[in-house]
Amino acid sequence: MGKTLYQKVWDDHVVGRLDNGQYQVFMALHLIHEVTSPQAFGMLRDKKLSVAYPKRTFATVDHIIPTTSQARPFEDDMAEQMIQVLADATGEHGIEFFAPETGAQGIVHVVGPELGLTQPGMTICCGDSHTSTHGAFGTIALGIGTSQVRDVLASQTLAMDPLKVRRIRVEGKLGTGVTAKDVILHIIRVLGVNGGVGYAYEYAGAAIDAMTMEERMTVCNMSIEGGARCGYINPDETTFDFLRGRERVPQGDAFEIAVEKWRGYASDPDADYDDDVLIEAADIKPTVTWGITPGQAISIEEATPSRGDDELIGDALRYMQLEPNTPIKGTRIDVAFIGSCTNGRLSDFQAVAEKIKGKQVASNVRAIAVPGSEKVDKAARELGLHEVFEAAGFEWRKPGCSMCLAMNPDKLVGDEVCASSSNRNFIGRQGSSTGRTILMSPIMVAAAAIEGQVADAREVFEL
Amino acid sequence: MSGTAITKVDGTAVYVKGNDIDTDRIIPARFLKCVTFDELGPSLFYDERFDADGQSKGHVLDDPKHKGASILISDANFGCGSSREHAPQAIQKFGFKAVIAESFAEIFHGNCTTLGIPCVMMQKADRTRLGELIAADPEADVVIDVENLKVICANTIFDVTMKESAREAFLAATYDPLDTLLAQRRGIDETAKRLGYA
């Protein structure tokens, strides 16, 4: 019997079994940021511990960073204090810090892959649930809490229970205007927001194989929204082509040797899965959320559900101020946000720029585009994308998490409705306790921005 | 040893109803602007408890009848979403020592365990019954027997489940795993060398 990638990577990195039945697992790569990690350094100090493998941890700042001016000190005193604590701690412990305006800063899940820090066969962790993004490269990539950040700093290991593996095959070819974001929203809709608890998701099938690395990252990113702590895609030529020549991967012959090793991590054809799910690509339409969890999603062609007996549906409709049994298309929006670790990469902005050229954001909409990293920003500017966005009425901002979780000044006001390319439509997620979020792909956000209401990108852009 | 063994938790309980209660609701992101966890208690469920002007919305956590409760009860997929340890930290600092729910999101569950907050799974019908007992007598003592996987309230005994590795860790006082992990320094270094990470 063959093994899954999950089993191979796990077996490689296990240090030993613990008395309570868990395993101690070595972490190949640890990424930290300013919100969930500084406290961990305080915990180390209290215990008089040092960082065991400082060269295997990398830091950046993303959650609290303003996207207008990033000059220090930040206007927000606490934000300034948070970045300073991180800068001091990484300096003290010899950890590399991708600070603002170094050219390498960005959202932690954009930075790791673009530098080539994220490599197939690794175990990766970060105090952020969207660490699952890195699974796109064939890694076990896990979101962890701050005490676990401490554990990794001190020991480079975690105490873990093994996961089961569910393969999700998306077979066939995606329709025109159907993106990776629609694929993952559809999967979560089908399997539920807690369907993945206890599982690692392996995404496979022709539609996944055909995706670029940036599209695969979008899919893996939202594994956690389906309850799966990690999701991955087997490494293939697309993976290796993406990594070749990146700053932190082996160069020249050493790269080709690494590729052979990486190739070996892919799941064996006769691997055994704990569960296997088949999704037909043809069934996936441009998908948007209507409620307060990422699983409360429908295609753009559908209507909101009826209230029925499910309290959660009634609560969600009430919060969203939506009527039951009403088409989602035509729902008025106030804000359009393109960015985040889900959809803040160069290809996301390229796809939108192609379509919005010569079009205008509706007068009732405040539209912002936030690149995922300084490298994405630079590449986009070199292509003139920022000018296309600005000409259409978007603000082109500096990199950060921005309005995905609104820890910086980018927030919804009151009960504004935001068409958002981010990953969570939770109550209050975008910075206002009554703010409303409708998740969708970047091109669907662009379509909504132009129409001033939720729209079908296939119609707006004549795809 | 990371602390003392947790074999049982007892105290009064309060039921915060709802499936899929995410960690943004447990503690909104703006309260994550801090460099220590010390002050998080009062921010627990803030936007559910207070309006934009800071006036109480009459949330069950602010009901004087439930003041001082040490067991939090909720429904399915509790703690989903963001990995922020601020959520269980706020729960603990508010005064809760354990959570009973239908099910838990994984990262949240792990964070709770490390902090010594048992996450106990109880079926819906039993939670409804437990909720009725608490409503009838908010002062009723609820006992979580971690060792024998029972919850006892007003002479009623409920069967519950826990993740076995967590239960073992509570009983053995190893729920904070750091000392256990550090004890394997040689194994860690060997693994790093074997994988070319050293």
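**Reading the contacts**

Reply: The contact between the chains takes 58 residues from chain A and 49 residues from chain B, two residues being in contact if their C-beta atoms, placed from the backbone, lie within 7 Å. This is a predicted model, in which local features need pLDDT of at least 70 and side-chain atom pairs count only at pLDDT 80 or more, while totals for chains, interfaces and linings use all residues. Residues are numbered from 1 along each chain as its sequence is written, and chains are lettered from A and ligands numbered from 1 in the order in which they are written.

Me: Which element gives the most to the side of chain A that touches chain B?

Reply: Helices (H or I, at least four residues) and strands (E, at least two) are DSSP runs, numbered from the N terminus. H5(A) gives the most to that side, with 7 residues.

Me: How is the angle between helices H6(A) and H8(A) to be read?

Reply: Axes are lines fitted to C-alpha atoms, for helices over the stretch in contact, and angles run from 0 to 180 degrees between N-to-C directions. Helix H6 (residues 180-191) and helix H8 (residues 213-221) of chain A pack at about 25 degrees, with axes 8 Å apart. H6(A) and H8(A) are therefore roughly parallel (angles under 35 degrees). Ala180(A), Lys181(A), Val183(A) and Ile184(A) of H6(A) meet Glu215(A), Thr218(A) and Val219(A) of H8(A).

Me: How far apart are the centres of domain 2 and domain 3 of chain A?

Reply: The centres, taken over C-alpha atoms, are separated by 24 Å. The contact takes 17 residues from domain 2 of chain A and 18 residues from domain 3 of chain A.

How values were computed: Parallel < 35°, antiparallel > 145°, perpendicular 65-115°, else oblique. Domains from an automatic or database assignment.
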